[in-house]
Amino acid sequence: MAKSSDSNIVMRIFITLLGIALILWGVGTIVLGVIGEKDTAVITNVRRQGGERTDGKSGRYSYIVSYTFKLPDGKSIDGYTTKISSGGYVKSPNTITTVRYFRAFPYLNVLEEETKPTLGQLVLVGAGGFLIYAMNSRKIKNKRNFQLRRKI
């Protein structure tokens with residue numbers, strides 16, 4: 001019986017940490033857009049990943065976009081992002097774009113166009129909040145216990 005209780009605690013901790021990570025991911029890009037340092041970056045490579053996507057719209061592909069930018073001290077930082085677009089991706093290598101990063105930790109960076117609030121970020125925050133609530137709510141836990149007792 002103790003093993004089951006220990007594994008439940010480990011699972012609750014894991015799912016709670018996953019929820020926290022989703023919230024940080026969703027809020028982090030918006031925070032970068034507000035307080036992050038702004039710099040110019042050069043797109044170094046655009047590579048199509050896999051074949052055509054099967055998400056309902058035809059002619060869409062996933063692209064890995066690599067870029068590099070220099071810090072004020074001259075150190076070069078590389079980054080990448082994934083884009084979903086039609087067959088002809090508009091940005092080609094050697095294109096200048098804008099990047100946002102934290103001065104204290106420049107390895108955490110995104111393209112400026114990804115820092116605008118979107119529905120996807122709201123979904124990440126909502127999913128993370130739900131995971132945390134579902135794993136740590138006494139009310140939900142008591143309701144499950146009541147339903148299990150009722151079945152027996």
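Mentor: The account below begins with the sheet and then turns to the salt bridges.

The model is a predicted one, in which local features need pLDDT of at least 70, side-chain atom pairs count only at pLDDT 80 or more, and totals for chains, interfaces and linings use all residues. Residues are numbered from 1 along each chain as its sequence is written, and side-chain values use heavy atoms, with hydrogens and water left out.

Five strands form an open sheet in the order β3-β2-β1-β4-β5, with antiparallel pairing. Strands here are DSSP runs of E with at least two residues, helices are runs of H or I with at least four, and both are numbered from the N terminus; two strands pair if DSSP finds at least two bridges between them. At the edges lie β3 (76-86) and β5 (109-111), each of which pairs on one side only. On average, neighbouring strands of this sheet are turned by 40 degrees against each other, direction ignored; the axes are lines fitted to C-alpha atoms, and angles run from 0 to 180 degrees between N-to-C directions. Within the sheet, β1 (residues 37-49) and β2 (residues 60-70) are joined by seven bridges in the antiparallel sense. Arg47, for instance, has Ile64 in β2 as its bridge partner.

Side chains of opposite charge can pair when their charged atoms come close. A salt bridge is counted where a side-chain nitrogen of Lys or Arg lies within 4 Å of a carboxyl oxygen of Asp or Glu, and the count comes to five.

One of these joins Lys38 to Glu112, with the closest N and O atoms 3.5 Å apart. Lys38 belongs to strand β1 and Glu112 to the loop between β5 and α2 (119-136), so that distant parts of the chain, 74 residues apart, are linked. Lys38 is exposed, at 52% relative accessible area, whereas Glu112 is buried, at 18%; buried means under 20%, exposed over 50%, and partly exposed in between (1.4 Å probe, protein chains only).

Glu114 is partly exposed, at 22%. Finally, salt bridges that share partners join Lys38, Arg100 and Glu112 into one network.
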